[in-house]
Amino acid sequence: MTAPVRTDALTKRYGGSAAVDELNLTIEPGEVYGFLGPNAAGKTTTLRMLLGLVTPTSGTARLHGRHLGSRGYLDDVGALVEGPAFYPFLSGRENLRVLARHAGMAAARVAAVLDEVELTERASDKYATYSLGMKQRLGIAAALLKEPTLLILDEPTNGLDPAGMADMRALLRRLGEQGRTVLLSSHLLSEVQQICDRVGVLSRGVLVAERPVGELGAGGRLVLVAEPADAAQARLVAAYGSDRVRRHDDVIELDVDSVAAAAINTDLVGAGIAVSELRWRRPNLEEVFFSLTGESRVAA
């Protein structure tokens, strides 16, 4: 079966700087694939090249086997890049009707996509009255009008409040479960872990790693606060070695398995050390990048 997305050595340079550097990527049918990386990693530039909005410096891109710029290249593609734009004085439904007429789609598609993104109840309200989350969902509704099998979404939860982010994640999971191929970008590790099947990590335009989502951000550290901290640190160093114990002010971190927490708590309390906090902390985005790239911090 033809891959919905494939790039070969796809590159974009601005002057002497590579925004995207020889990207080789294949996304399988029905896959929800996430581009993970900080700002300026090359995520948006890649998506814009795939959509024909930016001309590559070199390399090739194909969607559903069609070469970039060829006839019908975007026929089966829906996209939302860098936020939606609609007429503020029209309702959500009226905005979609304008787009449907322009695309030659039946009016019935408007009601269908509004229902799909759960905006039917607010469809008659003016776009200007919508929350940011509702505007993002209307943007995805517009991307769904042509019934595409491939969706390309740039930071779809960016700027949303927690409730809006939860609604968007639920929507994206539903779209993936319906068999569509979804390519989305994000700088949030927790987001791609909840939505995606596979993740590509971009750093300074280079694809530094690809992982099934379950393998990204695996591991973690045990974090504890105890008093007296010096005594707790000394006892933990004696038990596990100085290379596995780190201390930041009164907070101690241990490179141990999470199952060791109960035994550590029992040992410290038995030694007369009061433990006020003991929890498991998964790695954050910066630590994931450090482990994959060897960089000391994520590029801004």
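**Close-up views of a predicted model**

**View 1. A lysine over a tyrosine ring.** In this predicted model, Lys12 is placed over the face of Tyr14, and the distance to the ring centre is 5.2 Å.

**View 2. A charge over Tyr127 and an aromatic cluster.** The ring of Tyr127 has the charged end of Lys135 over it, 5.3 Å from the ring centre. Tyr127 also belongs to an aromatic cluster, together with Phe86 and Tyr130.

**View 3. The pair Tyr87 and Phe89.** Aromatic pairs in the whole structure number 4. In the pair of Tyr87 and Phe89, the ring centres are 5.8 Å apart and the planes meet at 45°, so this pair is classed as tilted. Tyr87 has a relative accessibility of 44% and therefore counts as partly exposed. Phe89, with a relative accessibility of 55%, counts as exposed.

**View 4. The largest nonpolar core.** This core holds 41 residues, and Ile140 and Leu184 are the ones that touch the most other members. Helix 4, which spans residues 132-144, supplies the largest share of the core, with 6 residues.

**View 5. The surroundings of Ile140.** Leaving aside residues up to four places away in sequence, Ile140 touches Leu80, Val117, Leu153, Met168, Leu171, Leu172 and Leu175.

Terms used
Residues numbered from 1 in each chain as written. Predicted model: local features only at pLDDT ≥ 70, side-chain atom pairs only at ≥ 80, totals over all residues. Heavy atoms only, no water. Core = buried A, V, L, I, M, F, W, Y, C linked by side-chain atoms within 4.5 Å. Buried < 20%, exposed > 50% of the residue type's maximum accessible area, 1.4 Å probe, protein only. Helix = DSSP H or I, 4+ residues; strand = E, 2+ residues; numbered from the N terminus. Contact = heavy atoms within 4.5 Å. Phe/Tyr/Trp six-rings, centres within 6.5 Å; stacked < 30°, edge-to-face > 60°. Lys NZ or Arg CZ within 6 Å of the ring centre and 35° of its normal.
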